[in-house]
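Please consult the sequence and the coordinates while reading.

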Amino acid sequence: DAAAAAGGAAAGAQDPPPQSNRSAWDRSSAATAAATTTAAAAAATSPHLTHVDAAGDYNMVDVSAKGDTHRVAKASATVRLEKHAYDLVAADKVKKGNVLSVAQIAGIQAAKKTSDLIPLCHPLFLSQVSVNLRLDAATTSVHITATAKTTGKTGVEMEALTACSVAALTVYDMCKAASQKTLISDVKLLSKSKSSPAPTT
């Protein structure tokens, strides 16, 4: 009957392919199984992969048992411009506006949105975000540094890195009409620290 036919079709859909295609099907299945096993093994043996559990599934780390500490992180990035584009930035003659000011605000805004952009980041209450941009005529570059601070249960390095990254992208965006060879490089964490909060009275 119709129900039996439908059941047979569903069962058939999961059967291995004909012998001519069997080898590729076997390799694909083996690769999928190996990838799952590798992820699970890595999670079990490496304390650094905290976003991967023993089953190979991804999750946001449970930090509920941690106490609050002061956290500070500093990151940097560099945007290298062609000479004529650099001169426009230095003279504040870019048509879109003041590149350094707009990039600074963009970096601060981005730090506050980090958990929306990076899936497994915890939302943090940021006590301070600072973004500084410095012109370097010798290399026709803009050097960006960002510092983020919070008091909480997890680090704030992703916020500092996100601030630098988006500030750099903003410089790129504002200069792209004048230069097609802008280069973003050296996005990196410079430092991070934590300390116990001062006792309240």
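## Overall architecture

From the N terminus on, the elements of the protein follow the order α-α-β-α-α-α-β-β-α-β. In total there are six helices and four strands. The model is a predicted one.

Of the 201 residues in the protein, 29% are buried. The protein exposes about 12,300 Å², and carbon and sulfur atoms supply 58% of that area. Among contacts between residues at least 6 apart in sequence, 71% join residues at least 24 apart.

## Strand pairing

Strand 3 (residues 141-152) takes part in two antiparallel pairings. With strand 1 (residues 69-80), strand 3 is joined by 12 bridges. Within strand 3, Val142 is the residue that stands opposite Val79.

The other antiparallel pairing of strand 3 is with strand 2 (residues 126-136), over 10 bridges. Here Asp136 has Ser141 of strand 3 as its bridge partner. Strand 2 and strand 3 form a hairpin with four residues between the strands.

## Helix 4 and its surroundings

Helix 4 (residues 99-112) comprises 14 residues. From its first C-alpha to its last, helix 4 reaches 20 Å, close to the 20 Å expected at 1.5 Å a residue. At the start of helix 4, a side-chain oxygen of Asn98 comes to within 3.2 Å of the backbone nitrogen of Leu100.

Which residues of helix 4 are buried? They are Val99, Ala103, Ala106, Gly107, Ala110 and Ala111. Viewed down the axis of helix 4, these buried residues fall within an arc of 135°, so they line one face of the helix. In general, an α-helix has 3.6 residues a turn, so residues three or four places apart point the same way. The cover over the buried residues of helix 4 includes helix 3 (83-90), helix 5 (114-117), strand 2 and helix 6 (157-175).

## Leu126 in strand 2

Leu126 lies in strand 2. Is this residue buried or exposed? Leu126 has a relative accessible area of 18% and is therefore buried, since the cut-off for burial is under 20%.

Not counting residues up to four places away in sequence, Leu126 touches Ala111, Lys112, Lys149, Thr150, Val156 and Glu159. One of these, Ala111, is among the buried residues of helix 4. The C-alpha atom of Leu126 is separated by 9.1 Å from that of Gly152, and these two residues are 26 apart along the chain.

## Loop residues with positive phi

Where does Asp92 lie? Its place is the loop between helix 3 and helix 4. Phi of Asp92 is near 55°, a positive value in a residue other than glycine. With a relative accessibility of 44%, Asp92 counts as partly exposed, because that class covers values between the 20% and 50% limits.

Thr140 also has a positive phi, of about 45°, although it is not a glycine. Thr140 is located in the loop between strand 2 and strand 3, the strands of the hairpin described above. Its relative accessibility is 12%, so Thr140 counts as buried.

## Summary of the main points

Strand 3 is paired in the antiparallel sense with strand 1 and with strand 2. Helix 4 has its buried residues on one face, and strand 2 is among the elements that cover them.

Notes
Residues are numbered from 1 along each chain as its sequence is written. This is a predicted model: local features need pLDDT of at least 70, side-chain atom pairs count only at pLDDT 80 or more; totals for chains, interfaces and linings use all residues. Side-chain values use heavy atoms; hydrogens and water are left out. Buried means under 20% relative accessible area, exposed over 50%, partly exposed in between (1.4 Å probe, protein chains only). Contact means heavy atoms within 4.5 Å. Accessible areas come from the Shrake-Rupley method with a 1.4 Å probe; for residues, only the protein chains shown count as cover. Two strands pair if DSSP finds at least two bridges between them. The expected span of a helix is 1.5 Å times one less than its number of residues. The arc is that of the directions from the helix axis to the C-beta atoms. A polar contact is a pair of N or O atoms within 3.5 Å; within protein, one must be able to donate a hydrogen and the other to accept it, and residues adjacent in sequence count only if both atoms are side-chain atoms.
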